[in-house]
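Trainee: I have a structure to read today. Can we take the features in turn?
Mentor: Let us look.

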Amino acid sequence: MVCAFNAGADAVYLGGSKFGARAYADNFDRDQVLDAVSYAHLHGKKIYLTVNTLVKEREFGELYEFMLPYAEKKLDGVIVQDLGVMRFIRDEFPGIELHASTQQTVTGIYGAKLLKELGCCRVVPARELSLSEMKAIREKADIEVEAFIHGAMCYCYSGACLFSSMVGTRSGNRGRCAQPCRLPYTSDLSRDKGEQYPLSLKDMCTIDMIPELIEAGIDSFKIEGRMKKPEYAAGVTSLYRKYIDRYYAEPNKKHEVSKDDMEILKSLYLRTGISSGYYHKHNGKEMVTVVSPAYNGTKDEVLKKVREDYLGRELKIKCDIYCKLKLGEKAEIIMNVDNNGDFVSKTVYGNEVQAASKRPMDEESVRKQLERLGNTPFEADSIEISIDDNNTGNGIFIPVSELNELRRKLCEDMEAELLNVGSSDSHGENTSKHSSTGSVAGKEGSVAAEKDNRSVHKDTDVHVLVNTKDQLEALKDFLLVVRKGDNAENKAHAVTRLYLDSELLLNDKYSFATKELLDNPAFSHTEIIAALPYVTREESFDGTSDIKALSDMPGSSVSGVLVRNLEQLGYLKEKDYKGKIILDYGVYVWNAESSKLLSEIKGAAGSSFVSEISVPYELTIHETLEAVKSIAKEVGIPISYNIYGHVPMMISAGCIKKTLDKCSGKLNTYNREVLAITDRMGNRMPVTTNCRNCYNIIWNTNPTALYNKMDALYEKHVFDHFRIDLTVEDKDMAKKVLKAGICKEDKEFRDSFLQGIKSTNGHYKREVE
């Protein structure tokens, strides 16, 4: 932190002892955070605390005590992912700025607008956005934009990655990513090349784009750097500071980045090769390390120079000191500081100055004591000393210990004054809406006393999501069998809702691509919900067009949409969509506070905009029950629970097919190819392409199948709906999946099905760290 400020950083974002997205970093403890805030504010800098992990219901009670001392210290801002954390800090600590983390996967103006309405003043958009998309957010959403300009890059859209979590227990959403993207994989596309690194992106370096980024209106440039060495923080910061300052000094002049400076950047812990990120390209092989994700070698002379320039010293505040020692009057010492144009002065007084009985105190002796400011934030620019013995000729005397005490008191008073200047204006009068004693317990008590809004379910119905036409055909055939005859399958729960991938609903001309199939009597009693894309952006193809087409289509049998990101939710709200809004698991609801924030989103008529929510994949059944019961008391919104499906572990703008082979050339049109990558353990992971919206999905090798838990789940009577997701299954497998999951009376078939496939229980009992 200190060397980053020495090198020219205006703000530092750092992690505390909890709730930060770098759990394995050498994070700050409470006192260090408090000291960091004081240090930053004394030097006109800012501290942003990363409170950017998803928080379980049982952990929420720790948040108030964690945040309180930082709020009282006038912490500048927090970076948040969890919607519940966002609401809690907004309401409890209104003086702290809320910044939406890149983990919230903000991909456009509608998501940014929504977050602004909910209390954020700044967003850190997805790193995958182009510069034009960033600029549009800044201009049209009218919210501050903070953009990454240098450092490591994730292959997956941040916040949408479950890879590390599903293959182990280390969740990226909890700050414990094991970085499986940096491991080698084989693929049919790589042919005879053996292991490669198709998911490992080169580090970002945009120093030659500084003028362009500034002119795009970006408010804050972010250098990724936690868990890196101090030399990295200082060296990288200093060079970006240099070229930022050059631009502002001469904005009309072209400032070429020198070869020497670029070599310094490349030698400061960058992975093999560098790229300028996504600012001017959607993806590309040149952005991926492919051969090796190792770091470049670091030159000793570069490290030595950085250490000499920026490490081992702290910033000091220049001050002027005036000392008046007049016989018979109180000793007086004044300190003057220019605080960013504001003149601040403090004075301390001591005892009456005495006549010297032996050796008088001379100016040099006084100066020697006053300039001893080493352990303080100050550095004397000038020291003026006036000694007056009233012309007695005997000189004056003041104890050295008294001079030292006056100097210490003067520094303390000035430090307190500088930290207090403007604090009430910039941070609000109150640090919290509640006292530190009893407030949280009181709130919990009142919640416990509320009546449970959830009705008891005698039976939970089943919903099915399909991604391909073959899967839709399989569902049609299955339902036709279920609904005729007098066999055991007649007793199956009806599929009351069909989630249909929006690409199956819409062809390239925005008319029903599967209307003839949906007109079949098999679906006569089945509600149709459009499952929107995992990512929505406005590029050469406007991702919001699908949503508009679905809502405007005449005679549409679609009664609602499955919303998968904040961009879609913001768009639908702005357009006052009248259908059902069901939030998929990726709009994370880990706690009741998140559901309360979502319930604040109102339609034009003032009613709650969100109709239903889905349980996230990373919660155990016990954590789920804790959250669901609390949500029922707070909000009472219907909840869906997934009982089968390959988990989408990565949603990426990068394209494995394009990296290892070539682009399909079918951009902006319906095209779904199924590829695969294989890890070192022989696990083959399906990869599907979405060419219409240009993203890849990497699916878990084995599906999560909770069919053997269903009897217990039905008995709990807490879920409104169970959901089966068909993702990469062919038609025959889809039929088996449906029969095993829906015909719960046919236990023999269900057990046989589970024994015949490789499946996982996911995080049903396996808690993420």
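Trainee: In what do the side chains of Arg408 and Glu405 meet?
Mentor: Side chains of opposite charge can pair when their charged atoms come close. Here the side chains of Arg408 and Glu405 meet in a salt bridge (2.2 Å, N to O). The term means a side-chain nitrogen of Lys or Arg within 4 Å of a carboxyl oxygen of Asp or Glu. One note on the model: it is predicted, so local features need pLDDT of at least 70 and side-chain atom pairs count only at pLDDT 80 or more, while totals for chains, interfaces and linings use all residues. Residues are numbered from 1 along each chain as its sequence is written, and side-chain values use heavy atoms, with hydrogens and water left out.

Trainee: Where do Arg408 and Glu405 sit, and about how many helical turns separate them?
Mentor: They lie three residues apart in helix H13 (residues 400–420), so about one helical turn separates them. A helix here is a DSSP run (H or I, at least four residues), a strand is another (E, at least two), and both are numbered from the N terminus.

Trainee: Is Arg408 buried or partly exposed?
Mentor: Arg408 is partly exposed, with a relative accessible area of 37%. Glu405 is partly exposed too, at 39%. Buried means under 20% relative accessible area, exposed over 50%, and partly exposed in between (1.4 Å probe, protein chains only).

Trainee: Which parts does the pair Glu769 and Arg176 tie together?
Mentor: First, the contact: their side chains meet in a salt bridge (3.9 Å, N to O). Glu769 lies in the segment after helix H26 (747–756), and Arg176 in the loop between helix H7 (163–167) and strand S7 (186–187), so the pair ties together parts that are 593 residues apart in sequence. Glu769 is partly exposed at 34%, and Arg176 is partly exposed at 24%.

Trainee: How many salt bridges does the structure hold?
Mentor: It holds 54. Some residues are linked in a network of salt bridges, including Arg87, Asp91, Lys596 and Glu634.

Trainee: How many cavities of 30 Å³ or more are there?
Mentor: On a 1 Å grid over the protein atoms alone, a cavity is a set of points where a 1.4 Å probe fits but cannot get out. This structure holds nine of 30 Å³ or more.

Definitions and conventions
1 Å grid on protein atoms, 1.4 Å probe; cavity = no way out; pocket = protein on both sides within 12 Å on 5 of 7 lines; lining within 4 Å. Points joined across faces, edges and corners; volume = space filled by probe spheres on them.
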